[in-house]
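Visitor: I have not seen this structure before. Could you walk me through it, one question at a time?

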Amino acid sequence: MISLETKLFGIKLDCIFNASGPLCTSEEELYNLEKSFSGAVLTKSCTIDPRKGNPEPRYFDTEWGSINSMGLPNLGYQFYSEMASKISNKPYIVSVSGMTPDDNISILEHLNCVDGVSAIELNLSCPNLIGKPQMAYDFKETDDFLYRICKDLRKPLGVKLPPYFDSVHFQKMADILNNYPISFVTCINSIGNGLVIDPHSESVVIKPKSGFGGIGGDFIKPTALANVRMFSKLLNCDISVIGCGGIKSGWDAFEHILCGASAVQIGTQLWKEGIGCFERISNELKLIMEEKGYQFVKDFRGKLKEI
Ligand code: DHB
């Protein structure tokens, strides 16, 4: 029997689940994820207060992927905290993206004590807030912030990182993360502040931020793989890497795992295909493993050959 089981923060789960963002905001969406073949239920990044997000249109599909500038529409952390007792069949991970470091501290303090929250994914990389930089591009601020939150940590903590493009930056961020009791990092968030335009109408395709937004889909896979690979080499072995970026098939998931991912998340493809993508991609990955003679994820995880 081929198994997609993996272990994250001490819990066994199937290795393919949703990225924070698509179809994980409302109660109905979270229940649908629980019923689907997703290995876990990960929420939309939450803030202290509910938010409507940026003006529409704020998401646009292209044949190679997507651009979005949602602006953190979410129902507020109390709602995601209350859902913890209602999602009982799968690991329930709450993504947190407060508007300020102090907001994040308050949300984490609260979630630390909520039964049914399996883990927290702290989003240090939202590119779509007007006037707010992505925290994980500021190494000192990230270090200071992790120091504050890790003092009283009572839940497994993961960090969602933006893509890095420079070897020095990989090393700097890994050196910081290695100092803290972090359970996992998720690589990568969308490539921030791309621009998709329509030459026929001579216009941008989304309204917020003059059309600038986070890019997901096929084009970001090489960057995602590079980040997964680099961080799996540089991080302490007790920090798992979760791959995210450009996964729409079993082969894409296989590549992420080969680069070192212990699990993978589906973002743009979930927007496009809906929750059926988990069963399809899982079946495709199992077929690949069968053909290659691999029974478990650990049989090929991180085993990319270098020539
Ligand atoms: C949003 C986008 C992101 O990439 C993210 O990490 C969090 C929120 C958004 O615009 O809603």
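Visitor: Which residues does S262 contact, leaving aside its neighbours within four places in sequence?
Guide: This is a predicted model. S262 sits in the loop between helix 7 (250-258) and strand 16 (263-266). Leaving aside neighbours within four places in sequence, its contacts are T6, L8, C15, S240, V241, V297 and R301.

Visitor: Is S262 buried or exposed?
Guide: Buried means under 20% relative accessible area. S262 has a relative accessible area of 5%. That makes S262 buried.

Visitor: Where is K207, and is it buried or exposed?
Guide: K207 belongs to the loop between strand 13 (203-204) and strand 14 (212-217). Its relative accessible area is 53%. The cut-off for exposed is over 50%, so K207 is exposed.

Visitor: What does K207 touch, not counting residues up to four places away in sequence?
Guide: Look at R58, which lies 149 residues from K207 along the chain. The C-alpha atoms of K207 and R58 are separated by 6.0 Å. Not counting residues up to four places away in sequence, K207 touches P55, E56 and P57.

Visitor: How many helices and strands does the protein have, and what is its radius of gyration?
Guide: There are 9 helices and 16 strands. The globule rule gives 19 Å for 307 residues, and the protein comes close to that, so it is as compact as a globular protein of that length. Its radius of gyration is 18 Å.

Visitor: In what order do the strands of the open sheet run?
Guide: The open sheet is formed by 8 strands, and the pairing is parallel. Strand 3 (16-18) and strand 4 (41-42) stand at the edges. Each has a single partner strand, so one side of each has no neighbour in the sheet. The order is 3-16-15-10-9-8-7-4.

Visitor: Which residue of strand 8 stands opposite V94?
Guide: Strand 7 (residues 92-96) pairs with strand 8 in the parallel sense. The pairing runs over 4 bridges. Opposite V94 stands I120.

Visitor: Which residues of strand 8 lie on each side?
Guide: In a regular strand the side chains alternate between the two faces of the sheet. In strand 8 (residues 119-123), 5 of the 5 residues are buried, so the strand is largely enclosed by the rest of the structure. Both faces are covered. One side has A119, E121 and N123, and the other has I120 and L122.

Visitor: Which residue of strand 10 stands opposite G158?
Guide: Strand 9 (residues 157-161) and strand 10 (residues 184-187) pair in the parallel sense over 4 bridges. The residue opposite G158 is F184.

Visitor: Which residues have the most contacts inside the largest nonpolar core?
Guide: The largest nonpolar core has 88 residues. Helix 9 (residues 277-292) gives the most to this core, with 6 residues. Those with the most contacts inside the core are L30, L161, F231 and L285.

Visitor: What is L285 in contact with, leaving aside its neighbours within four places in sequence?
Guide: L285 is among the residues with the most contacts inside that core. Leaving aside neighbours within four places in sequence, its contacts are L4, C15, I16, G250, A253, F254, I257 and F300.

Visitor: Are the rings of Y164 and F170 stacked or edge-to-face?
Guide: The count of aromatic pairs comes to 13. The rings of Y164 and F170 have centres 6.3 Å apart and planes at 65°. Planes over 60 degrees apart set the type, so this pair is edge-to-face.

Visitor: Which residues form the aromatic cluster?
Guide: Y164 is buried at 2% relative accessible area, and F170 is buried at 5%. Both belong to one cluster. Its members are Y137, F139, Y164, F170 and F231.

Note on methods. Residues numbered from 1 in each chain as written. Predicted model: local features only at pLDDT ≥ 70, side-chain atom pairs only at ≥ 80, totals over all residues. Heavy atoms only, no water. Core = buried A, V, L, I, M, F, W, Y, C linked by side-chain atoms within 4.5 Å. Buried < 20%, exposed > 50% of the residue type's maximum accessible area, 1.4 Å probe, protein only. Helix = DSSP H or I, 4+ residues; strand = E, 2+ residues; numbered from the N terminus. Contact = heavy atoms within 4.5 Å. Phe/Tyr/Trp six-rings, centres within 6.5 Å; stacked < 30°, edge-to-face > 60°. Rg over C-alpha atoms; globule rule 2.2 N^0.38 Å. Pairing = 2+ DSSP bridges.
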